[in-house]
Amino acid sequence: IGPQAYFEPGVWLTSDTGRITIGGGALLNLDVMIAAVERVEIGEHCMLANGCLITDADHRFDDPVRPVPWQGFTSKGPTVLGDNVWLGANVVVTSGVSIGRRCVVGANSVVTTDLPDYTVAVGAPAKPISAIAH
């Protein structure tokens, strides 16, 4: 966790053998959840609004006999947020996704594919709607 990173109440970080990296100056607001099976990286000065979920994993459910909570996890790879990313309230970022620097993702969006630098995206699944001038 980098210098001057700030966590509001209810922030939840979980990992058994994975790694979570949070850059300096990042702000994780109320009830943000970060879950890593392998690796989740959050860049410097990122702002995650209330209720966001960032993960690099999915629950397995392929065994029809075994209860889902006992089946473990799968991963499509690391989940990475570049520097200065802003996620609106309740955004979900899924396994194996990279969000470029200075991106903005609108509230209640679900990011399932990579977003290039300076992109504004919204929806479930999130789709780019504009670019940020730089």
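Reader: Hi! Is Asn84 buried, exposed or partly exposed?
Author: Asn84 counts as partly exposed, at 27% relative accessibility (buried is under 20% relative accessible area, exposed over 50%, partly exposed in between, with a 1.4 Å probe and protein chains only). This is a predicted model, where local features need pLDDT of at least 70. Residues are numbered from 1 along each chain as its sequence is written.

Reader: Thanks! Where do I find Asn84 in the model?
Author: Look at the loop that runs between β11 (79-81) and β12 (86-87); Asn84 is there. Strands are DSSP runs of E, at least two residues, numbered from the N terminus.

Reader: And what's its phi, for Asn84?
Author: Asn84 is not a glycine, yet its phi is positive, about 65 degrees.

Reader: Why would anyone point that out?
Author: Because most residues other than glycine have a negative phi.

Reader: OK, what about Asp31, what phi does that one have?
Author: Asp31 has a positive phi too, about 60 degrees, and is not a glycine.

Reader: Which loop is Asp31 in?
Author: Asp31 belongs to the loop between β4 (27-28) and β5, and β5 covers 33-36.

Reader: How accessible is Asp31?
Author: Asp31 has a relative accessible area of 46%, so Asp31 is partly exposed.

Reader: New topic! Which residues does the cis peptide bond join?
Author: That bond joins Ala124 and Pro125, with omega about 5 degrees. For background, most peptide bonds are trans.

Reader: And where does Pro125 sit?
Author: Pro125 sits in the loop that links β17 (119-122) and β18 (127-131).

Notes
This is a predicted model: local features need pLDDT of at least 70, side-chain atom pairs count only at pLDDT 80 or more; totals for chains, interfaces and linings use all residues. Side-chain values use heavy atoms; hydrogens and water are left out. Helices (H or I, at least four residues) and strands (E, at least two) are DSSP runs, numbered from the N terminus.
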